[in-house]
Amino acid sequence: MDLGQVFTKEIVADYMVSLFSLKEDAVFLDPCFGGGAFLSALDRMGKTKVTGYEIDDLLFSSATERCPQYALKKNDFLQAYSHKKYDGIIMNPPYIRHEKINDLASLGVEKEILAKDALYKELPSTANLYMYFIIKAISLLKKNGEMVVIFPGSWLQAKNGNRFEAALYKNCSVERQIHISGDVFEESALVDVLILKLKKDGKNRQASPEYIKLLNGNLEAYEDETSELRVKFQTPFFSISRVRRGLTTGCNGMFINPSLDSNTMPIISSPKQIRGYSTHGADTDDLLVLDSEMQHNAMVKSYLDDWEHRIVATGKPETLAKKIKENKAWYSLNLFDCQGIIFSYFVRNDMKFVYNDSANVVRDNFYILYPTINKWVCFALLNNLYTYYQLECAGKKYGAGLLKIQRYDIEELTFPDTSAFSSTDLSRMSRLAENLAKTGSRELIDDITTIISKYTNISYESISYEYKEIVKSRLENV
Ligand SMILES: C[S@@+](CC[C@H](N)C(=O)[O-])C[C@H]1O[C@@H](n2cnc3c(N)ncnc32)[C@H](O)[C@@H]1O
């Protein structure tokens, strides 16, 4: 049976214990002590009040022999009931994929049982076992208590990572985020390993990454020159907005700027038509909008006949040729609400989210975002250097300094948790956003960024420096 038994090396265990900044008589917990790497490290540091859990008989017995002074229990930690809270928790949780969790049924660990526990309700059904351990451990931390945990860094990229992260950061700040490389574990070569030091302070701050490596029995810090500044916050995109692509006509030649004077409505089809951060006063093209009634108009009929002829003759565009063949209303478009915030698919120089207050139809070279929170707060969360920087990192670079942003790049954006913002900052931020739409003054973006910087661990100075650098390097080859 795979119990996720990967043991931490002594030097790493000592290092992890050294990260605590707790008072002398702090009370500690190791929820799955295995061979007792952390118990011994805590002992070496003179810690006397330690509780531990381990589900494996043999490991439990050998660790109890080594550390008889500690309160060690042979129990399943995930279902153990405890009213006791801890100042410090240290752990290397078992890494077991969700499909394998039920293999532990004979020990009482089953997905169905875990799913019934309200504590784990925010975890996705695909959660790895270590995620359950971390959530439970956080629930056992005292206010301002600290947890030092080592686990695979791969969850940062994992699909279900966002929900786990949201649950993880709900009550905690990340005080240290240490990427550790080298042979950190006794018998396993995991490449991407992360040590987090969390503090249950309800502030949701996030530290910038640090890098250390275990080389020839020593731990050495190093600068990760290659890595970009990692901007990742606790609020996922879907908590503030929805997004979709603008209108696809299927045949721009026929639908955009038709040689007909009537039956059209304005459409924004290029970012060049927009001045500033609002579509108010934007230039527009004409979009042909027809229904079956209008076909009886002689001018319209001749226009449509002409296009139908061309489409049938060339078989292009395929979708329209197919509709014509199937006798469908091939000339009418499915229009939808475009009022919201729009963003151009391709970025040239300045990145910007634009308020579509004119409610013009918008073509598919834009994304349309529909805020699900206050629209000006959402507008501010989008128009600031933290968000632009995330998109600069995520986008694909094309020649001529062009950056292509995919819909999933937008969906992967993260934002600081505005519930932690003071009400003054929140209302200042939304006023700035409203003014940005009105005046188009780019300095307001710096003002919004400055407010947001108060709630992150990446200062205004570093984000504006990094943003300038990344844009400069994109435009350098132009
Ligand atoms: C990754 S190992 C870490 C052991 C040790 N803390 C270390 O760092 O060397 C995880 C440990 O969790 C134990 N374990 C697995 N499921 C458990 C459960 N439900 N309750 C308590 N311990 C469990 C495993 O037997 C294993 O020893």
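Author: Gladly. Keep in mind that this is a predicted model. Start at one end of the sheet, where strand S8 (residues 209-215) and S9 pair in the antiparallel sense.

Reader: What makes S8 and S9 a pair?

Author: Pairing takes at least two bridges found by DSSP. S8 and S9 have 5 bridges, so they count as paired under that cut-off. Within this pair, Leu-215 stands opposite Asn-218 in S9.

Reader: Why are strand S3 and strand S9 called edge strands?

Author: The sheet is open, with 9 strands in the order S3-S2-S1-S4-S5-S7-S6-S8-S9. Strand S3 (71-74) and strand S9 (218-222) each pair on one side only. On average, neighbouring strands are turned by 20° against each other, direction ignored.

Reader: What joins S4 to strand S5?

Author: There are 5 bridges between S4 and S5 (residues 141-152), and the two run parallel. Here Ile-89 stands opposite Met-147 in S5.

Reader: Why is strand S4 called mostly covered?

Author: A residue is buried if 20 or more other C-beta atoms lie within 10 Å of its own. In S4 (residues 86-91), 5 of its 6 residues are buried, hence "mostly covered".

Reader: Which helix lies across S2 and S3?

Author: Helix H3 (residues 57-66) lies across strand S2 (50-54) and S3. H3 runs at about 165° to S3.

Note on methods. Residues are numbered from 1 along each chain as its sequence is written. This is a predicted model: local features need pLDDT of at least 70, side-chain atom pairs count only at pLDDT 80 or more; totals for chains, interfaces and linings use all residues. Helices (H or I, at least four residues) and strands (E, at least two) are DSSP runs, numbered from the N terminus. Axes are lines fitted to C-alpha atoms, for helices over the stretch in contact, and angles run from 0 to 180 degrees between N-to-C directions. Two residues are in contact if their C-beta atoms, placed from the backbone, lie within 7 Å. A residue is buried if 20 or more other C-beta atoms lie within 10 Å of its own, exposed if 12 or fewer, and partly exposed in between; C-beta atoms are placed from the backbone.
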